[in-house]
Amino acid sequence: MLIRKRRGWEIPESAATEEALFHDRRRLLKGVAAGSILASGLAGLRGIRPAFAEDAVTRNPRYTLDRPITDAKYSTTYNNFYEFGPDKTVSDAAQALKTEPWTIKIEGMVEKPITIGVDDLLKRVGGTEERLYRHRCVETWSMAVPWTGFALSKLVDMAKPLGSATYLKMTTFMDPAMAPEQNKFFYPWPYVEGLTMAEARNDLAFLVTGMYGKPVPKQDGAPLRLAVPWKYGFKSVKSIVSFEFTDKRPNTFWEALQSSEYGFWANVNPDVPHPRWSQATERVLGTDERRPTLMWNGYGEYVADMYKGLTKERLFV
Ligand SMILES: Nc1nc2c(c(=O)[nH]1)N[C@H]1C(S)=C(S)[C@@H](COP(=O)(O)O)O[C@H]1N2
Ligand SMILES: [Mo]
């Protein structure tokens with residue numbers, strides 16, 4: 001008999017049904033009243049976090065791909081998540097990540113700092129949408145993924161940053177008992193990333209809560225991670241617990257480790273090699289294909305204008 005091993009991010013069917021029933025009772029009752037079939041309603045809710053189970057996620061047609069979507073079996077098993085280990089095979093170890101409850105701080109130079117649970121945050125920003133994005137790791141592998149989430153600009157609007165704020169600093173959880181690699185002193189934990197305010201307000205900057213129509217797996221940065229697809233993958237910080245508005249450029253994790261190789265900007269550019277390898281092409285996960293890497297990872301029409309005049313910055317490292 002074939003017994004499929006349950007992925008860490010799929011909760012048992014029994015639990016999903018119970019939880020969905022409890023949190024989504026109103027929708028269910030409405031459905032029953034309208035004579036819809038109970039069973040199909042439940043199937044649709046399976047494994048979906050209650051906060052966004054209310055509506056089916058709609059795909060935003062603005063973001064299209066030039067390549068097939070990467071099969072989930074690759075993008076959920078080939079990962080970078082250094083809190084759980086330096087290898088690509090961290091998906092099992094990452095199941096130690098405890099995502100409930102998950103509290104997020106919006107702090108620093110804002111009108112009114114708040115602490116909010118991730119489900120409440122989703123309600124405050126008005127729910128989620130799906131976007132198809134490319135992802136290009138600085139190590140030259142790439143993937144194409146349907147993310148579910150909301151524009152980072154919505155969080156910025158909600159936060160009401162002061163005019164003096166020039167950067168948004170985003171920080172991953174810090175819990176060495178849960179993530180043993182955080183005991184290693186040579187890493188500058190916790191993982192920190194940052195964007196300018198213009199970048200944080202850019203339409204493309206996306207906060208991810210789901211992947212392939214399901215909650216984002218732990219190994220991919222549950223329950224809330226960033227996707228900034230015109231930048232190398234290390235900018236897309238996972239499992240965020242703090243958004244801090246500041247007037248100081250954040251000292252980001254990889255830049256702190258090795259600034260000559262991983263800078264603050266890290267915009268994708270096939271013509272600017274990494275000090276140790278070419279960035280001209282990329283290996284598409286799940287295929288033998290190498291494709292030419294695109295300037296701004298193909299997102300120039302959305303982002304190139306932001307960098308005009310920044311001639312003194314190392315925009316592509
Ligand atoms: N907190 C944290 N965020 C992180 C990383 C990490 O190690 N820790 N790795 C980064 C890198 S290098 C990449 S390429 C992407 C990988 O995301 P994926 O595993 O979902 O493909 O996450 C980024 N975000
Ligand atoms: Mo990466």
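## Strand β5 and its two partners

In strand β10, Phe243 is the residue that stands opposite Met170. Here is a friendly caution before going on: this is a predicted model, in which local features need pLDDT of at least 70 and side-chain atom pairs count only at pLDDT 80 or more, while totals for chains, interfaces and linings use all residues. Residues are numbered from 1 along each chain as its sequence is written, chains are lettered from A and ligands numbered from 1 in the order in which they are written, and side-chain values use heavy atoms, with hydrogens and water left out.

Strands are said to pair if DSSP finds at least two bridges between them. β5 runs antiparallel to β10 (residues 240–246), joined to it by six bridges. Five bridges also link β5 to β6 (residues 192–196), again in the antiparallel sense. Within that pairing, Gly194 of β6 is the bridge partner of Lys169.

How many residues of β7 (residues 206–211) are buried? Six of its six are, and the strand counts as mostly covered. β7 takes part in several antiparallel pairings. Five bridges connect it with β4 (residues 141–151), and one of the pairs brings Thr148 together with Gly210 in β7. Three bridges connect β7 with β9 (residues 225–227), where Leu226 stands opposite Leu207.

The remaining partner to visit is β8 (residues 214–215), which pairs antiparallel with β7 over two bridges. Met211 has Lys214 of β8 as its bridge partner. The two strands make a hairpin with two residues between them, and Tyr212 in the turn has a positive phi of about 55°.

Helix α6 (residues 152–159) is mostly covered, since six of its eight residues are buried. Among the buried ones are Leu152, Leu155, Val156 and Met158.

Thr99 sits in the loop between α4 (72–75) and β1 (103–108). Is Thr99 buried or exposed? Its relative accessibility is 10%, so Thr99 counts as buried. Setting aside neighbours within four places in sequence, Thr99 is in contact with Lys218, Ala222 and Pro223, where contact means heavy atoms within 4.5 Å. The C-alpha atoms of Thr99 and Pro223 are separated by 6.3 Å, although the two residues are 124 residues apart along the chain.

His274 belongs to the loop between α8 (253–257) and β11 (281–284). With a relative accessible area of 6%, His274 is buried. Apart from neighbours within four places in sequence, His274 is in contact with Val138, Glu261, Tyr262 and Gln279.

## Around ligand 1

Ligand 1 is surrounded by 18 residues, and the closest are Asn79, Tyr82, Glu83, Asp220 and Lys238; a residue belongs here if one of its heavy atoms lies within 4 Å of the ligand. The shell divides into eight nonpolar, six polar and four charged residues. In this scheme Ala, Val, Leu, Ile, Met, Phe, Trp, Tyr, Cys and Pro count as nonpolar, Asp, Glu, Lys and Arg as charged, and the others, Gly among them, as polar.

Glu83 places a polar side-chain atom 2.8 Å from a nitrogen atom of the ligand, and a backbone N or O atom of Ser236 lies 2.9 Å from a ligand nitrogen atom. Taken alone, ligand 1 exposes 540 Å², of which the protein buries 99%; accessible areas come from the Shrake-Rupley method with a 1.4 Å probe, and for residues only the protein chains shown count as cover.

## The chain as a whole

The protein chain has nine helices and twelve strands. Of its 317 residues, 52% are buried. Among contacts with a separation of 6 or more, 71% join residues 24 or more positions apart. The chain exposes about 15,100 Å², with carbon and sulfur atoms supplying 54% of it.

Conventions
Polar contact = N/O pair within 3.5 Å; in protein donor to acceptor, adjacent residues only side chain to side chain. Buried < 20%, exposed > 50% of the residue type's maximum accessible area, 1.4 Å probe, protein only. Helix = DSSP H or I, 4+ residues; strand = E, 2+ residues; numbered from the N terminus.
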